[in-house]
Amino acid sequence: MSPPAHQDRIAEEAWLVARIGAGDRAAFRDLYARYSPPLFALAIRMLGDARDAEEVLQDIFVKVWAHAHEYDANVSRPFTWAMVLARRTCIDALRKRQRARAGATEDTARAEHEDTEAPDPSAAAMASDDRSEVRGALDALPADQRRVLEQVLFAGKSQAEVAAEFNYPLGTVKSWVRRGLMTLKAGLNREQT
Amino acid sequence: MKTKPELACAYVLGELDDAEQRAVEQQAAVDPELHALIDDYGAGAQAALTDLPARKPSSAVLAQIERRLDRPTASAPISHPTRLHWAALGAMAALVVAGIGLGTFAWLHHGQRPVVVLAELSADRTDLKQLRMEPGSQTAAAADRTDARFIGLASLAERLWDTSRHSPAQTGGYAVFDPSTQQGFVAVRHVTPTRSGKRYHLWVVDGKSGALRDAGELPLEAANHGLFFFSLPEAPPERGTMPGFFITLEDGATPRAPAGPVVLGHRPF
């Protein structure tokens with residue numbers, strides 16, 4: 001069971017999304033302040049470039065504004081809803097980029113990953129504790145599972161693409177990904193208790 | 001055919017196309033098992049984000065987003081009802097009612113569809129901000145327990161009261177209302193303290209007939225904020241209609257009809 005502070009945050013964020021759905025710009029700014037750092041980090045990791053990530057971040061939050069009224073917490077937590085929206089937007093951007101670069105030798109997002117902006121010290125400090133637990137959980141995974149999980153989570157590849165690339169059965173990849181997500185969740189829970 | 005765990009995982013990873021995503025959302029809204037799986041995998045993916053180096057976008061990004069929202073083509077979500085989940089409301093309430101022993105966050109259940117009306121009140125009264133809340137199926141068993149409904153309603157009102165402390169210092173408020181029991185709470189903040197003889201008065205407008213119903217005086221005294229309970233005489237609620245709320249500033253004795261200026265409301269009058 002999640003601790004009260006965690007539940008409190010989920011409830012507050014659900015309330016913010018509801019207010020955004022009703023056209024409340026102040027609530028939108030509040031949610032942006034909460035969600036933009038992690039979603040920006042996700043976009044940088046998936047796209048490999050901070051400038052592209054900022055453009056995609058704009059698209060993500062325009063979608064948050066436009067679709068907030070559709071949010072239904074019967075389906076997911078507010079952050080999960082925003083994260084799914086962000087991942088889909090990043091995947092779309094990656095596919096668009098791949099189409100634009102078709103025929104060229106593609107330098108992968110990993111090679112471009114070193115961007116120029118300095119990390120935000122306060123945000124980094126806030127995240128450091130969680131990261132130690134989550135990193136520990138991630139490191140505890142077998143190397144194959146960890147590699148598959150990272151490819152799926154951060155390289156914008158589908159489970160089927162990763163299965164084909166590494167020559168693993170698709171069912172195995174799916175199983176590893178699900179197990180990996182549950183392991184990460186457990187790591188986060190340990191941190192929060 | 002995908003299993004539920006596969007569907008939930010693919011949903012969280014953003015692998016589904018639009019139609020598949022909608023189908024999963026529709027199913028998860030009525031399937032606690034699928035909802036729980038999405039919750040678990042979503043939490044796992046969220047945890048993975050905490051492992052990334054924390055980054056903050058440049059301050060110009062928010063301004064650029066807001067410019068895009070202000071363009072005429074940007075979507076304006078105002079007229080859409082927004083659904084909150086029972087779990088979210090329950091989480092709000094649970095913080096307040098912990099220890100009371102309310103196993104289920106029970107709300108009204110009138111007709112086929114339980115509803116709590118939550119209306120945001122603003123001073124300009126031109127901005128419709130009305131939220132409809134729909135509980136999950138777990139509330140059905142306790143839906144007829146009036147006492148539980150009242151506790152849940154009170155808890156939500158109180159929780160929102162705490163949350164709204166962080167709102168900008170401007171005149172506003174909200175009303176939460178249970179059409180099934182005709183009970184509700186109204187909260188106001190940053191209203192002008194009344195002078196001698198003046199009273200703030202709450203009115204509820206029937207969503208279908210437009211008839212006005214007197215919900216009583218707000219005993220603010222010299223304060224500029226407060227959270228108050230109100231109860232209307234029993235009347236058969238009109239299914240599918242949303243009531244309106246507004247507050248007027250009246251002279252002296254209890255008025256039979258609103259005569260003073262409207263101070264807060266959620267629709268133009």
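The model is predicted, so local features need pLDDT of at least 70 and side-chain atom pairs count only at pLDDT 80 or more, while totals for chains, interfaces and linings use all residues. Residues are numbered from 1 along each chain as its sequence is written, chains are lettered from A and ligands numbered from 1 in the order in which they are written, and side-chain values use heavy atoms, with hydrogens and water left out. Over all chains there are 17 salt bridges, a salt bridge being a side-chain nitrogen of Lys or Arg within 4 Å of a carboxyl oxygen of Asp or Glu.

**Salt bridges between the chains**

- Arg25(A) and Asp70(B) form a salt bridge, with their closest N and O atoms 2.8 Å apart.
- This pair crosses between chains: Arg25(A) sits in helix H2 (residues 25-47) of chain A, and Asp70(B) in helix H4 (residues 60-70) of chain B. Helices (H or I, at least four residues) and strands (E, at least two) are DSSP runs, numbered from the N terminus.
- Arg25(A) counts as buried because its relative accessibility is 19%. Asp70(B), at 53%, counts as exposed. The cut-offs for relative accessible area are under 20% for buried and over 50% for exposed, with partly exposed in between (1.4 Å probe, protein chains only).
- A network of salt bridges links Arg25(A), Arg29(A), Glu66(B) and Asp70(B).

**Salt bridges of Lys4(B)**

- Lys4(B) pairs with Asp31(B) in a salt bridge of 2.8 Å, N to O.
- That pair links distant parts of the chain, 27 residues apart: Lys4(B) is in helix H1 (residues 4-12) of chain B, and Asp31(B) is in the loop between helix H2 (18-28) and helix H3 (32-50) of chain B.
- Lys4(B) also meets Glu33(B) in a salt bridge (3.0 Å, N to O).
- Here the partners are 29 residues apart, with Lys4(B) in helix H1 and Glu33(B) in helix H3 of chain B.
- Lys4(B) is partly exposed at 27% relative accessible area, Asp31(B) is buried at 12%, and Glu33(B) is partly exposed at 46%.

**A buried arginine without a salt bridge**

- Arg178(A) lies in helix H8 (residues 170-192) of chain A.
- Arg178(A) is buried but has no salt bridge. The nearest side chain of opposite charge is Glu6(B), 4.4 Å away. Lys and Arg count as positive, Asp and Glu as negative; His and the chain ends are not counted.
- Leaving aside neighbours within four places in sequence, Arg178(A) is in contact (heavy atoms within 4.5 Å) with Pro5(B), Glu6(B), Cys9(B) and Tyr41(B).

**A cavity in chain B**

- There are two cavities of 30 Å³ or more. On a 1 Å grid over the protein atoms alone, a cavity is a set of points where a 1.4 Å probe fits but cannot get out; lining residues have an atom within 4 Å of a point.
- The second largest cavity holds about 30 Å³ of space, the volume being that filled by probe spheres set on the points, with grid points joined across faces, edges and corners.
- Residues lining the second largest cavity include Val188(B), Tyr200(B), Leu218(B) and Ile247(B).
- Its lining has eight nonpolar, no polar and no charged residues. Ala, Val, Leu, Ile, Met, Phe, Trp, Tyr, Cys and Pro count as nonpolar, Asp, Glu, Lys and Arg as charged, and the others, Gly among them, as polar.

**Build of chain B**

- Chain B has six helices and 10 strands.
- Of its 269 residues, 52% are buried.

Methods: On a 1 Å grid over the protein atoms alone, a cavity is a set of points where a 1.4 Å probe fits but cannot get out, and a pocket is an open set with protein on both sides within 12 Å along at least five of seven lines; lining residues have an atom within 4 Å of a point.
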